[in-house]
Amino acid sequence: MGEKHLISGLQLWQWRNTAQQAARATDVSAGEVDWLLLEVAGLDRLALRLESFKNWPQIQLQLPLEELDRLWQRRLNDRLPVQYIAGVTPWRNFQIAVSSAVLIPRPETEFLIDLALASASNASGHWADLGTGSGAIALGLADVLPKATIHAVDYSWAALAIAQTNAHNLGFADRIKFYQGFWWEPLAFLKGQFSGMVSNPPYIPTSTLPTLQPEVVNHEPHLALDGGSDGLDCIRHLIEISPSYLQPGGVWLIEMMAGQADTVRELLQNQGSYYNIQIHADLAGIERFALAYRS
């Protein structure tokens with residue numbers, strides 16, 4: 001951040017009160033105001049809870065208060081996600097940069113990394129994150145599989161730019177390689193050599209998209225959400241194509257939507273190249289992850 005934007009603690013305290021009232025009036029969680037202030041004003045939870053910052057002579061903001069207020073109005077009126085306002089979101093043990101070019105990584109997706117680690121018989125070698133978006137999964141894999149090389153692919157140049165920034169900021173730039181393209185295609189030079197593949201592909205049926213909350217449908221990239229008429233277009237493709245990229249015993253692991261597990265299991269069985277097919281639930285008990293091994 002270039003110039004400093006200084007305001008008094010009292011000014012910020014007044015803004016916070018107004019913002020919280022406006023949030024309650026529009027059914028947005030008032031807690032989001034404090035989350036935003038943790039990020040853009042560098043305040044800590046205790047200072048917010050005790051309101052001790054009210055007496056501070058000055059506080060440095062990452063953006064002018066007018067701009068912060070304008071963005072907060074967009075949060076309330078346009079349902080702009082608060083993570084896009086702050087430009088970051090917490091994910092596993094990272095602070096991940098996000099913009100409207102990428103899907104905001106969800107807490108439940110964090111479990112994909114634990115599943116990958118538990119299933120990895122070969123923790124070195126090549127691993128792929130297909131549809132990397134913000135780079136969250138690639139970062140998670142690089143973190144838990146320190147001997148592996150991670151290959152992250154996305155169709156969107158704008159998403160890749162953010163993923164590369166995240167890899168650089170978090171110290172994984174030398175461990176993650178980035179490619180622009182369609183699923184496995186940029187990785188043809190490593191066919192048959194992958195120890196594992198992880199993906200959080202688009203899996204929402206097209207007709208369901210308009211029914212999603214406005215934060216999602218109006219602001220998050222549809223390319224990362226729309227899974228075709230039954231939501232399974234991309235998953236079908238990954239089931240079909242992955243066997244020629246994975247080595248025998250290689251891990252195939254994806255996230256899916258509630259209600260898709262039975263069909264995904266059946267598709268994996270019918271494809272004929274997978275064994276030990278497993279469905280795993282998230283913390284809410286929703287069958288959200290499918291895991292299989294290349295035979």
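Asparagine 276 lies in strand S10. Its phi is positive, about 50 degrees, although asparagine 276 is not a glycine. The model is predicted: local features need pLDDT of at least 70, side-chain atom pairs count only at pLDDT 80 or more, and totals for chains, interfaces and linings use all residues. Residues are numbered from 1 along each chain as its sequence is written, and side-chain values use heavy atoms, with hydrogens and water left out. Helices (H or I, at least four residues) and strands (E, at least two) are DSSP runs, numbered from the N terminus.

**The sheet**

- An open sheet is formed by 7 strands in the order S7-S6-S5-S8-S9-S11-S10, and its pairing is mixed. Two strands pair if DSSP finds at least two bridges between them.
- The edges are strand S7 (176-180) and strand S10 (274-281), each of which pairs on one side only.
- Neighbouring strands of this sheet are turned by 15 degrees against each other on average, direction ignored. Axes are lines fitted to C-alpha atoms, for helices over the stretch in contact, and angles run from 0 to 180 degrees between N-to-C directions.
- In a regular strand the side chains alternate between the two faces of the sheet.

**Strand pairs**

- Strand S5 (residues 125-130) pairs with S6 in the parallel sense over 6 bridges. Glycine 125 has alanine 148 as its bridge partner in S6.
- Strand S6 (residues 148-154) is mostly covered, with 6 of its 7 residues buried. Buried means under 20% relative accessible area, exposed means over 50%, and partly exposed lies in between (1.4 Å probe, protein chains only).
- Strand S8 (residues 194-199) and strand S9 (residues 246-255) are also parallel partners, over 5 bridges. Here glycine 196 is bridged to valine 251 in S9.
- S10 pairs with strand S11 (residues 287-294) in the antiparallel sense, over 6 bridges. Tyrosine 274 has arginine 294 as its bridge partner in S11.
- The hairpin of S10 and S11 has 5 residues between the strands, and glycine 285 in this hairpin takes a positive phi near 85 degrees.

**Helices on the sheet**

- H10 lies across S5, S8, S9 and S10 and runs at about 170 degrees to S9. Contact means heavy atoms within 4.5 Å.

**Helix pairs**

- Two packed helices are described by the angle between their axes and the distance between the axes.
- Helix H10 (residues 233-241) packs with helix H11 (residues 261-271) at an angle of about 25 degrees, their axes 10 Å apart. H10 and H11 are therefore roughly parallel to each other. Angles under 35 degrees count as roughly parallel, over 145 as roughly antiparallel, 65 to 115 as roughly perpendicular and the rest as oblique.
- In the contact, Ile235, Arg236, Ile239 and Glu240 of H10 meet Val264, Leu267, Leu268 and Gln271 of H11. These residues divide into 5 nonpolar, 1 polar and 2 charged. Ala, Val, Leu, Ile, Met, Phe, Trp, Tyr, Cys and Pro count as nonpolar, Asp, Glu, Lys and Arg as charged, and the others, Gly among them, as polar.
- Helix H1 (residues 9-25) and helix H4 (residues 65-77) have axes that come within 11 Å and cross at roughly 10 degrees. H1 and H4 are therefore roughly parallel to each other.
- H1 contributes Leu12, Trp15, Ala19, Ala22 and Ala23 to the contact, and H4 contributes Leu65, Leu68, Asp69, Trp72 and Leu76. The contact of H1 with H4 holds 9 nonpolar residues, no polar and 1 charged.

**Positive phi**

- Most residues other than glycine have a negative phi, and most peptide bonds are trans.
- Asparagine 276 is partly exposed, with a relative accessible area of 43%.
- Glutamate 51 has phi near 55 degrees, a positive value in a residue other than glycine. Glutamate 51 sits in the loop between helix H3 (45-50) and strand S2 (59-61). At 32% relative accessibility, glutamate 51 counts as partly exposed.

**Exposed loop residues**

- Proline 146 is in the loop between helix H7 (136-144) and S6. Its relative accessibility is 56%, so proline 146 counts as exposed.
- Proline 146 and serine 124 are 22 residues apart in sequence, and 7.6 Å apart in space, C-alpha to C-alpha.
- Glutamine 213 is placed in the loop between S8 and helix H9 (214-217). With a relative accessible area of 51%, glutamine 213 is exposed.
- Glutamine 213 and arginine 79 are 134 residues apart along the chain, and their C-alpha atoms are separated by 8.8 Å.
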